[in-house]
Amino acid sequence: FSGHADLLGGPYSYSDRLLIKGGRIVNDDQSFHADIYMEDGLIKQIGDNLIVPGGVKTIEANGKMVIPGGIDIHTHFQMPYRGTTTVDDFAQGSKAALAGGTTMIVDHVMPEPGASLIEAHDQWRQWADEKACCDYSLHVDITHWNDSVKQEVDNLIKEKGVNSFQVYMAYKDYYQMSNSELYEVFTFLAERGGIAQVHAENGEIIAEEQARMLQMGITGPEGHVLSRPEELEAEAVFRAITIASQTNCPLYVTRVMSKSAADIISQARKKGNVVFGEPITASLGTDGTHYWSKNWAKAASFVTSPPLSPDPTTPDYLNTLLSSGDLSVTGSAHCTFSVAQKAIGKDDFTQIPEGVNGVEERMALIWDKAVTTGKMDENMFVAVTSTNAAKILNLYPRKGRIAVGSDADLVIWDTDAIRTITAKTHNSAAEYNIFEGVELRGAPLVVICQGKIVLEDGNLHATSGVGRFIPCSPFPDFAYKRIKARKQLAVLRAVPRGMYDGPVSEFSMSRGGTPSASARTSPTKQPVRNLHQSGFSLAGPPTPDDIPIRPAGRRIVVPPGGRSNITSLS
Amino acid sequence: MSGYQGKKNIPRITSDRLLIKGAKIVNDDQSFCADIYMEDGVIKQIGENLIVPGGVKTIDAHGRMLMPGGIDVHTRFQMPDRGMTAADDFYQGTKAALAGGTTMIIDHVLPEPGTSLMSAFEQWREWADSKSCCDYSLHIDITEWHKGIQEEMETLVKDHGVNSFLVYLAYKDIFQLTDAQVYEVFSVIRDLGAIAQVHAENGDIVAEEQRRMLEQGITGPEGHVLSRPEEVEAEAVNRSVTVANQTNCPLYVTKVMSKSAADVIAQARKKGTVVYGEPITASLGTDGSHYWSKNWAKAAAYVTSPPLSPDPTTPDYLNSLLSCGDLQVTGSAHCPFNTAQRAVGKDDFSLIPEGVNGTEERMSIIWDKCVVTGKMDENQFVAVTSTNAAKIFNLYPRKGRIAVGSDADLVLWDPDVTKIISAKSHQSTVEYNIFEGTEVRGGPLVVISQGKIVLEDGNLHVTEGSGRYVVRKPFPDYVYKRIKARSRLAELRGVPRGLYDGPVCEVSVTPKTMTPASSAKTSPAKQPGQPIRNLHQSGFSLSGAQIDDNVPRRNTQRIVAPPGGRANITSLG
């Protein structure tokens, strides 16, 4: 890392130039001591004895760690909900993010079912451009599926810089998609180079369980977790993985909340599936025992889906899997409602708006739970809080790495700072903090966003509206190198056979007995074929070379040549 | 279980009395040497130096193994499919079963969606009563779901001796049920004390894959297996295990065809789920490589669902799991069609009628693959071919055990005989045998059904219509002891809380209305038309919320103990 010299010149103000001296740079692959010089929001030089313009503001890091700013890959700022809006808008939310050492957020665009994805996306862009204090990108949630949605997804990928789309397996009759729809969405995303994100819970069973709970008179927040047992999360993860594997589409499971869901992901990874798991601050830092709190407002503040697991050993387990690489990235799913908003569901837990805080606490919490305990080292910490997210979203190495040419989003991390989380001091507008009273070791000392100091000496200087939209391009290498290689292997061939000219039974297309029963054919088939008119010939079926390489999720099952020539033995 | 007097054995003739001398009696728990005397189709005495009437026909076993006759838990004889009928009817099918050492079959009643379960059940009874050569019982398949079906299930369990129902996760738009329906069916089954069987494949994905195959011009039998990869089977097994756990309902997975499906079952059992897996003769004895046969008719003969796995190591793997107890019972899913019938799908694999043979070969294949190879001993062999089935379906110890009072369904087994399976010599009427050319060691020497010799010296003497319908009671102990214990634990309580009297946000009742079509984001399970609650009028009180005194009828949930220590933390905001 030798610095170049021609950095003078240019009409930039001094505040855009910044030098960090004596820091220990921590990337996901290594740590080393060097100075960093930034200008115009970019890292310009890394090395020792850098030649920099005079009068540059210099921060003395004194050997402290300098890490890439965190990327919170899952937020719901300013999310509309039944005519109200979450209490943290893009200004409040991104401010909280910066306060915690996160310099980029990726928010979810949530179009109402039936509404245009593009319009919703533009709306979110407008909100975020006005208010965000840090750079941001957007995921778009697909809440219904038809040809025009497909067109819009295509458009979002090609024109709008979106490469990740979330589908819901829960919220029956609302956002939930059928398996067939998931198959189609995944197939399409695999073709276009998108990442399929999934909210994994079995909505059908949840609906049944919710009805059962209410019937039994359980109306409080404990009903939320009782009606969404972790098995339903694990089941949906399993199903999503199966469909992703069939369609050869990279899968990203948002909000991994339970041990069993995490286990399914790690098993699938061992079998070779391209799947990423995202535990969130809440699942890494607290558990679902609070749903039984006698304080309704407190219990309700933990309501999120999938719910926090009542098993108190869950956070430790998830931190372990995060450390071992079985889970890949962390978000916060920050989506805060006030007590008054949560109280919409005071008589019926199914009406409680869902979401917890976590954008501010994420980095410190992971440091405390995973690094101070020796589960992971500081490099892995960078990987799970920043680098992996950047790679999945195809933002690497612009984001997620300290390197010449990368964005100047940096954090000087104080490994020894100790703080107690409380709603009294947090930056969120919510009255409750689900980590209330938790003492954490590790905190950002200085936060630099777009080359500007936004946190120093405990003072936050965030500027609303400076956040830029960062477009994500399709086919991120991190996910798609493998997908592409598999696609090339996945050519299917029909077996060339002679014409079958034996007798053919008469049969009825509709199953006997009921007039209403549909024909037992491939449900997707065209009208009845005349089976006596054989359309089968040796020349007829397309030769394998003509077969387009489809979004084929399939490994070739090699036709066992030795056996395929056995002829009739009867 | 003493002296069941069946309808067929009223006349006392000498041939109803039978003595087997010098046999090594093999049950699932032990083997021992003894003589055995039966009369009227029931085992009357076991021991040495038995005192028996004079002139009784005596078979000298010469120390050979005598075991309970096999129970084939899964057959589909005479099954209707689009106006065709499976090639082996109850006569042909049970004859084949007896020839292989199986003395009882349990067939599946497949009601067309839209027809009543009762009428289908009676139809199958009629077919079987007139033709069956061995005792039989019936599973009922649930091919659609509504209130009427639930009532019929109750009648079938209470009055007609049915204790098992199969649901389909595959065959989209025909037999397939949704997850919510499966949940409801399982809840009903648990309340009735029956066994939930499941055909586990994800029908939605299968439908998509079928279309993709046909689009690519893959129309032959290889398309069948390509469109039904084993992951799709494993996924459905996992999903049904989840639903069964939620509903605390015992689960039975029919036709375990792949390693991954078997693994899911084995894992679920380790986690405590009450789940049973049924590999079939085909999955234990052959593999799916034959779908690529250049001979269309041969390839089509292997078409069954879930398909045979193209992975040639699958049979060995499944035999291992069967031996260690992770899989428990074996059936044949015997449902062969002849070539002309298969040819209905000659231009489109998705039209090929599904089903393979296996009822005759089942016992010998398992002996050859598992006992000869040392994977299991003869007792475990009895367990997986007979005893476990009898226990699960509440036929034990009448069936599945050699004991005084049990039915005289016995097989004298010759572990050394070898035989080459061939369509030329099999009992089934179809032209192909999927085990063609396989040499198996071990076979029945003498088969006794209802106390009568039906196979001796290689000659089969079966009587059409002699098979009795065997009634099965609900709540089999083998399955339900655990389920009942769990039900007792599963009480749920709400948390008694003070009245929430803080501010409540005003909301629009329906979410942002962009589409008139979108339904409200409420609990979807809530009764339609339930009036909107006035959220300002609190219905919450300490006295009103004590729900634990009204007995929850469906109590399937484990208690998640409210952690008392933390529950009293009050507002810190």
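Colleague: At what angle do helix H2 and helix H3 of chain A pack, and how far apart are their axes?

Modeller: This is a predicted model. In it, H2 (residues 117-131) and H3 (residues 147-159) of chain A pack at about 40°. Their axes are 9 Å apart.

Colleague: What do you call that, parallel or oblique?

Modeller: Oblique. Angles under 35 degrees count as roughly parallel, so H2(A) and H3(A) are oblique to each other.

Colleague: Which residues meet there, H2(A) against H3(A)?

Modeller: From H2(A), the residues are A:Leu117, A:Ile118 and A:His121. From H3(A), they are A:Val149, A:Glu152, A:Val153, A:Asn155 and A:Leu156. By class, this contact of H2(A) with H3(A) has five nonpolar residues, two polar and one charged.

Colleague: Staying in chain A: how do H13 and H14 pack?

Modeller: H13 (residues 362-371) and H14 (residues 378-392) of chain A pack at about 140°. Their axes lie 11 Å apart. Roughly antiparallel needs an angle over 145 degrees, so H13(A) and H14(A) are oblique to each other.

Colleague: Which hand does the crossing of H13(A) and H14(A) have, left or right?

Modeller: The crossing of H13(A) and H14(A) is right-handed. H13(A) brings A:Arg362, A:Met363, A:Ile366, A:Trp367 and A:Val371 to the contact. H14(A) meets them with A:Glu378, A:Phe381, A:Val384 and A:Thr385. Six of the residues in the contact of H13(A) with H14(A) are nonpolar, one is polar and two are charged.

Colleague: Now the loops. Where is A:Ser227?

Modeller: A:Ser227 is in the loop between helix H6 (221-226) and helix H7 (230-247) of chain A.

Colleague: Is A:Ser227 buried or exposed?

Modeller: Buried. The cut-off is under 20% relative accessible area, and A:Ser227 counts as buried because its relative accessibility is 0%.

Colleague: What does A:Ser227 touch?

Modeller: Not counting residues up to four places away in sequence, A:Ser227 touches A:Ile206, A:Glu209, A:Gln210, A:Met213, A:Leu232 and A:Phe349.

Colleague: What is A:Cys472 in contact with?

Modeller: Leaving aside neighbours within four places in sequence, the contacts of A:Cys472 are A:Ser137, A:Gly161, A:Val162, A:Asn163, A:Leu393 and A:Leu395. A:Cys472 and A:Gly194 are 278 residues apart in sequence, and 9.8 Å apart C-alpha to C-alpha.

Colleague: Over to chain B. How do H8 and H11 cross?

Modeller: H8 (residues 259-270) and H11 (residues 314-324) of chain B cross at roughly 20°. Their axes come within 10 Å. H8(B) and H11(B) are therefore roughly parallel to each other. The crossing is left-handed.

Colleague: Which residues of H8(B) and H11(B) meet?

Modeller: B:Lys259, B:Ala262 and B:Asp263 of H8(B) meet B:Thr314, B:Tyr317, B:Leu318 and B:Leu321 of H11(B). The contact of H8(B) with H11(B) has four nonpolar residues, one polar and two charged.

Colleague: Which residues of H11(B) are buried?

Modeller: B:Thr314, B:Pro315, B:Leu318, B:Asn319, B:Leu321, B:Leu322 and B:Ser323. The buried residues of H11(B) pack against several elements of chain B, including strand E13 (251-256), H8, helix H13 (362-371) and helix H14 (378-392).

Colleague: What follows H11(B)?

Modeller: B:Gly325, with a positive phi near 95°.

Colleague: How many residues of helix H1 of chain B are buried?

Modeller: Nine of the 10 residues of H1(B), residues 90-99, so that helix is mostly covered. Among the buried ones are B:Phe90, B:Gln92, B:Lys95 and B:Leu98. The buried residues of H1(B) pack against strand E9 (102-109), helix H2 (117-131) and strands E16 (439-449), E17 (452-456) and E18 (459-460) of chain B.

Colleague: Whole chains now. How many helices and strands does chain A have?

Modeller: Chain A has 15 helices and 18 strands. Chain B has 15 helices and 18 strands. Of the 570 residues of chain A, 65% are buried. For chain B it is 64% of 573 residues.

Colleague: What is the accessible surface of chain A?

Modeller: About 18,900 Å² for chain A, with 50% belonging to carbon and sulfur atoms. Chain B comes to about 19,400 Å², with 51% on carbon and sulfur.

Note on methods
Residues are numbered from 1 along each chain as its sequence is written. Chains are lettered from A and ligands numbered from 1 in the order in which they are written. This is a predicted model: local features need pLDDT of at least 70, side-chain atom pairs count only at pLDDT 80 or more; totals for chains, interfaces and linings use all residues. Side-chain values use heavy atoms; hydrogens and water are left out. Axes are lines fitted to C-alpha atoms, for helices over the stretch in contact, and angles run from 0 to 180 degrees between N-to-C directions. Helices (H or I, at least four residues) and strands (E, at least two) are DSSP runs, numbered from the N terminus. Angles under 35 degrees count as roughly parallel, over 145 as roughly antiparallel, 65 to 115 as roughly perpendicular and the rest as oblique. Contact means heavy atoms within 4.5 Å. Ala, Val, Leu, Ile, Met, Phe, Trp, Tyr, Cys and Pro count as nonpolar, Asp, Glu, Lys and Arg as charged, and the others, Gly among them, as polar. A crossing is left-handed if the near helix is turned anticlockwise from the far one by less than a right angle, and right-handed if clockwise. Buried means under 20% relative accessible area, exposed over 50%, partly exposed in between (1.4 Å probe, protein chains only). Accessible areas come from the Shrake-Rupley method with a 1.4 Å probe; for residues, only the protein chains shown count as cover.
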